[in-house]
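Visitor: Can you walk me through this one? Keep it short, please.
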Amino acid sequence: MDMSYLLSLGILGHRSLLWYAGQGTRAAAIHPIHPHMEQGDNRKTSADSVVPIQQSQLKEWEDLQMNLRSQLQEHDDVGWAIDGLSKIGGLDIGFEDGTNRATAVLVVCEFQGRQLKLVYEDSVDVDMALPYTSGFLFVREIPAYEMLLQRLRGSAPHLEPDAYLVDGSGLFHPRQCGSASHLGIVHNLRTIGVAKKLLCFEDFDSEQGQRVEEQVLPNLGDSVPLVGRSGFTYGFAVRTSAARAKGPQDSMRRLYVSVGHRFSHTTARNVVLKCCNMDGGSYIPEPIRLADLTGRAIERAWKQIHTTSRPKTRQVIMDVSNLLDDKQRKTLLGILDEVGAESCALLSSISPESIKRKQATKDELFLPFQEMHPDVTVLELRAALRMEKPWAVDLRKASLCHQQAGRAMRGL
DNA sequence: GCGACAG
DNA sequence: ATCTTGTCGC
């Protein structure tokens, strides 16, 4: 896939809005733009330096969505069934407090019988130049997802999943092309949209929504179709957690599942349920839950040092999360303690000779990392290394020198 | 008056 | 995305 598409969407600190200038502009009529979005209705964003989105820009994005919609495959691939689902990806973005910065995460889980096991994780730093706009989530999220996809293919192509769960919706969208569909169609992936909130728009308005919300779904696996005024089925509301009559709202929570691409409604729902079947667990399907947890862990670590660190230092945390497993983080932390490094000292100031460890530990862990981040402060590195990811303790990462000094996973 | 919209 | 409260469980 070409990088220009990715760059043009505004990732990597860019905010160029002029893209897809020549994309097909067909006079389709699924849904026109919402009348109340006419002018600057972007005030709800919490970001500080956000560029307002022009009306003409929204029109272009709508045209793009309608164009992609015509290529959406809302049935399973012929010859493919849910039994063929071995690895499944999860995509999610976690946000920093009130800034434009965020962390996008891709995890891959593999079925081991009924259980899902984490086999891959990767995160990228995102500078959200554009404000959140309902109906146009793809603008903010897809560039980061594409970066993650590209890195997965570069560093672990054998772990590419059979399908992806995307935090957001797919067909369940005013132009029937939410971010899950968008990603799936552009990259020919099997995708499913998983939303935690009901989306309302012209054909599926609050009245239809209320009808769905009224439905009680007493048992795990129960579902009710999301049918618009037109009769079109957008997806399903699904009860994905076990029955427990405690919190009036908590365990009753449901997911709004819709086809992203290359799935039928039924299979999409079944795949999500298959990823939720953990006994007594969360109502969030495992791949998305793990991606979410990872993003939160990274933001948590950053929060401890962000007041005194340059934004560039976020990359240290990303690298620690992406490149080091639990064991390696503990080892590095032990080394920092052992040499009694001052908090304000730079990593480059630690001489390898002062470290009493196996040579292999120095060669394959300390030295490569030191070379990667010579000017990180001991204080900052400690904060990154102390990151707790209990859900990933069993996930092993290759040694740094086998990862081309991290290049493959950093997309450099 | 206040509704109302994936993340 | 985020704030909240109450709740259950360890």
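Guide: Helix α7 (residues 286-305) packs with helix α11 (residues 378-385) at an angle of about 155°, their axes 9 Å apart. Over 145 degrees counts as roughly antiparallel, so α7 is roughly antiparallel to α11. This is a predicted model: local features need pLDDT of at least 70, side-chain atom pairs 80 or more, while totals for chains, interfaces and linings use all residues. Residues are numbered from 1 along each chain, and side-chain values use heavy atoms, without hydrogens and water.

Visitor: Which residues in α7 and α11 meet?
Guide: Ala301, Gln304 and Ile305 in α7 meet Leu379, Glu380 and Ala383 in α11. Contact means heavy atoms within 4.5 Å. By class, four residues are nonpolar, one is polar and one is charged.

Visitor: New topic. How many aromatic pairs are there in the whole structure?
Guide: A search finds ten. Rings pair if their centres lie within 6.5 Å; planes under 30 degrees apart are stacked, over 60 edge-to-face, the rest tilted.

Visitor: What about Phe201 and Phe204?
Guide: Their ring centres are 6.2 Å apart and their planes at 40°, so that pair is tilted. Phe204 also pairs with Tyr234, edge-to-face, at 6.3 Å centre to centre and 75° between the planes. Phe204 lies in the loop between β5 (191-195) and α5 (206-214), and Tyr234 in strand β7 (residues 233-239), so the pair ties together parts 30 residues apart in sequence.

Visitor: Is Tyr234 buried or exposed?
Guide: Tyr234 is buried, at 1% relative accessibility. Buried means under 20% relative accessible area, exposed over 50%, partly exposed in between. Phe204 is buried too, at 0%.

Visitor: Which residues form the aromatic cluster?
Guide: Phe172, Phe201, Phe204, Phe232 and Tyr234 form one cluster.

Terms used: Chains are lettered from A and ligands numbered from 1 in the order in which they are written. Axes are lines fitted to C-alpha atoms, for helices over the stretch in contact, and angles run from 0 to 180 degrees between N-to-C directions. Helices (H or I, at least four residues) and strands (E, at least two) are DSSP runs, numbered from the N terminus. Angles under 35 degrees count as roughly parallel, over 145 as roughly antiparallel, 65 to 115 as roughly perpendicular and the rest as oblique. Ala, Val, Leu, Ile, Met, Phe, Trp, Tyr, Cys and Pro count as nonpolar, Asp, Glu, Lys and Arg as charged, and the others, Gly among them, as polar. Rings of Phe, Tyr and Trp (its six-membered ring) pair if their centres lie within 6.5 Å; planes under 30 degrees apart count as stacked, over 60 as edge-to-face and the rest as tilted. Buried means under 20% relative accessible area, exposed over 50%, partly exposed in between (1.4 Å probe, protein chains only).
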